[in-house]
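Please provide a briefing on how the parts of this structure are arranged and how they meet.

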2 protein chains.
Amino acid sequence: MELRHIRYFIATAEELSFRRAAERTNVTQPSLSEQIRQLEGEIGVRLLERDTHRVSLTAAGRNFLESSRRVLREVEDGTRIARRIA
Amino acid sequence: MELRHIRYFIATAEELSFRRAAERTNVTQPSLSEQIRQLEGEIGVRLLERDTHRVSLTAAGRNFLESSRRVLREVEDGTRIARRIA
DNA sequence: TAAAAATACTCCATAGGTATTTTAT
DNA sequence: ATAAAATACCTATGGAGTATTTTTA
């Protein structure tokens, strides 16, 4: 897993759309889809439901979204603090 | 920044040796060195001191190490919990 | 039909490797 | 002399793109 997967997942979970998430993250829809597929494959859990006409979060996905936000926040905080110390 | 950078940095900070950190993360020493260089470049801060014969952490590096551990811990916890929910 | 996600490729940027040099003791 | 990190260069994996198909409202 890389931060890329987490960034794309957050975008998709917030947009509830692969196409809009792809726009927002500046990649094409197939590239983003593939990365989400990889993420679900590695965790072994379906995070997004797209059986029907709309994308929605699974229960596991809702939880992973919160965790993902904490991860990115920690990365940003860690970076900012390192800069401030130096 | 990707989790790869954070994983390599933790290994190097703990081993205080590029060679041993490379072994531990299963990459070659030049590859690991380059990724650490990228990480420091992106943050804009020196995290490791290698002017002298030994590697040591800067003040910013010590802080970033703690943050890095929290990041990896959150990724692991998030993954485990997602699996448990599903 | 129309709109969005999935599939099937192609390409190329870069992570990682090998070989070597530099540096410090 | 020795050991470790840096530098130079090469290779090839996989992230990202284009084109197309599938799906479903």
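This is a predicted model: local features need pLDDT of at least 70, side-chain atom pairs count only at pLDDT 80 or more; totals for chains, interfaces and linings use all residues.

Residues are numbered from 1 along each chain as its sequence is written, while chains are lettered from A and ligands numbered from 1 in the order in which they are written.

**Contact between the chains**

- In total, 26 residues of chain B are in contact with 25 residues of chain A (C-beta atoms, placed from the backbone, within 7 Å).
- On the side of chain B that touches chain A, two or more residues each come from helix 1 (3–15) and helix 4 (59–85) of chain B; helices (H or I, at least four residues) are DSSP runs, as are strands (E, at least two), and are numbered from the N terminus.
- Helix 4 of chain B gives the most to this side, with 17 residues.
- By class, the side of chain B that touches chain A has 13 nonpolar, six polar and seven charged residues; Ala, Val, Leu, Ile, Met, Phe, Trp, Tyr, Cys and Pro count as nonpolar, Asp, Glu, Lys and Arg as charged, and the others, Gly among them, as polar.
- The same surface serves both copies, as 96% of the contact residues of chain B recur in chain A.

**Surfaces near the DNA strands**

- DNA strand C is surrounded by 17 residues, of which F18(A), R19(A), P30(A), S31(B) and H53(B) are the closest; a residue is near a strand or molecule if its C-beta atom, placed from the backbone, lies within 6 Å of it.
- Helix 2 (18–24) and helix 3 (29–43) of chain A and helix 3 of chain B each supply at least two residues of the surface near DNA strand C.
- Helix 3 of chain B gives the most to that surface, with four residues.
- The surface near DNA strand C has five nonpolar, nine polar and three charged residues.
- Around DNA strand D there are 18 residues, and T28(A), H53(A), F18(B), R19(B) and P30(B) come nearest.
- Helix 3 of chain A contributes the largest share of the surface near DNA strand D, four residues.
- The surface near DNA strand D has five nonpolar, nine polar and four charged residues.

**Helix packing within the chains**

- In chain B, the axes of helix 2 (residues 18–25) and helix 3 (residues 29–43) come within 8 Å and cross at roughly 105 degrees; axes are lines fitted to C-alpha atoms, for helices over the stretch in contact, and angles run from 0 to 180 degrees between N-to-C directions.
- Helix 2 of chain B and helix 3 of chain B are therefore roughly perpendicular to each other (65 to 115 degrees; under 35 is roughly parallel, over 145 roughly antiparallel and the rest oblique).
- F18(B), R19(B), A21(B), A22(B) and T25(B) of helix 2 of chain B meet Q29(B), L32(B) and S33(B) of helix 3 of chain B.
- In chain A, the axes of helix 1 (residues 3–15) and helix 4 (residues 59–85) come within 10 Å and cross at roughly 125 degrees.
- Helix 1 of chain A and helix 4 of chain A are therefore oblique to each other.

Definitions and conventions. Two residues are in contact if their C-beta atoms, placed from the backbone, lie within 7 Å.
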